[in-house]
Amino acid sequence: MDNLQEQIMNFNLIYKYYYDNYKFAAKSYGMSVTVAFVLYTVRHFPGCTQSELMERTMMPKTSINSAVKQLEAEGYIVLDQVDADLRKKQMRLTEKGIAFAEDTVDGLYAAECHAFSKLSQKEQELLLSTFGKIVESMKEELGNQG
């Protein structure tokens, strides 16, 4: 295996382990990773729509829809109509949802903050810059304009 291929495989493995942390946290909260990502996102971006959830979580529409329905049925979120577009609804947490988020995904966010704070300011900037460059290069290579 050449060095570039090895580096790419190592990067992919690290990324998988990073994502596994989210799956582990979600499981420890008794929810799927999709439900955790939806709850986390609505917690940090109140009023977001399902389209915005898909953009922020990188989860498929059907998974997002199922998670939203589950959280709504359990009384954690409500959907509010946006303007005249009957299909577009903003999500917000109920009081019960806020309490649930405090007991679950707020711990995930705190862990992220603690882990990120272990990097120096320069390392944080380098990580974000470098990963951003990889993302943009991949988009170009794949012809992804999205």
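Colleague: Where does Thr104 lie, is Thr104 buried or exposed, and which residues is Thr104 in contact with, leaving aside its neighbours within four places in sequence?

Modeller: Please note that this is a predicted model. Thr104 lies in the loop that joins helix H5 (95-103) to helix H6 (105-117). Its relative accessible area is 5%, and because buried means under 20%, Thr104 counts as buried. The side chain of Thr104 also reaches back to Phe100, where the backbone oxygen lies at 2.7 Å. Once its neighbours within four places in sequence are set aside, the contacts of Thr104 are Tyr29, Met31 and Leu39.

As for the protein around this residue, its secondary structure consists of seven helices and two strands. Their order from the N terminus is α-α-α-α-β-β-α-α-α. Of the 146 residues in the protein, 25% are buried, and Thr104 is one of the buried residues. Among contacts with a separation of 6 or more, 47% are between residues 24 or more positions apart.

Turning to overall dimensions, the C-alpha trace spans about 50 × 35 × 30 Å along its principal axes. The accessible surface is about 10,400 Å², and carbon and sulfur atoms supply 56% of that area. With regard to charge, the protein carries 16 positive and 20 negative side chains, and the centres of these two sets are 4 Å apart.

Technical notes
Residues numbered from 1 in each chain as written. Predicted model: local features only at pLDDT ≥ 70, side-chain atom pairs only at ≥ 80, totals over all residues. Heavy atoms only, no water. Helix = DSSP H or I, 4+ residues; strand = E, 2+ residues; numbered from the N terminus. Buried < 20%, exposed > 50% of the residue type's maximum accessible area, 1.4 Å probe, protein only. Polar contact = N/O pair within 3.5 Å; in protein donor to acceptor, adjacent residues only side chain to side chain. Contact = heavy atoms within 4.5 Å. Areas by Shrake-Rupley, 256 points an atom, 1.4 Å probe, with all protein chains shown as cover. Lys, Arg positive; Asp, Glu negative; His and termini not counted. Charge placed at Lys NZ, Arg CZ, Asp CG, Glu CD.
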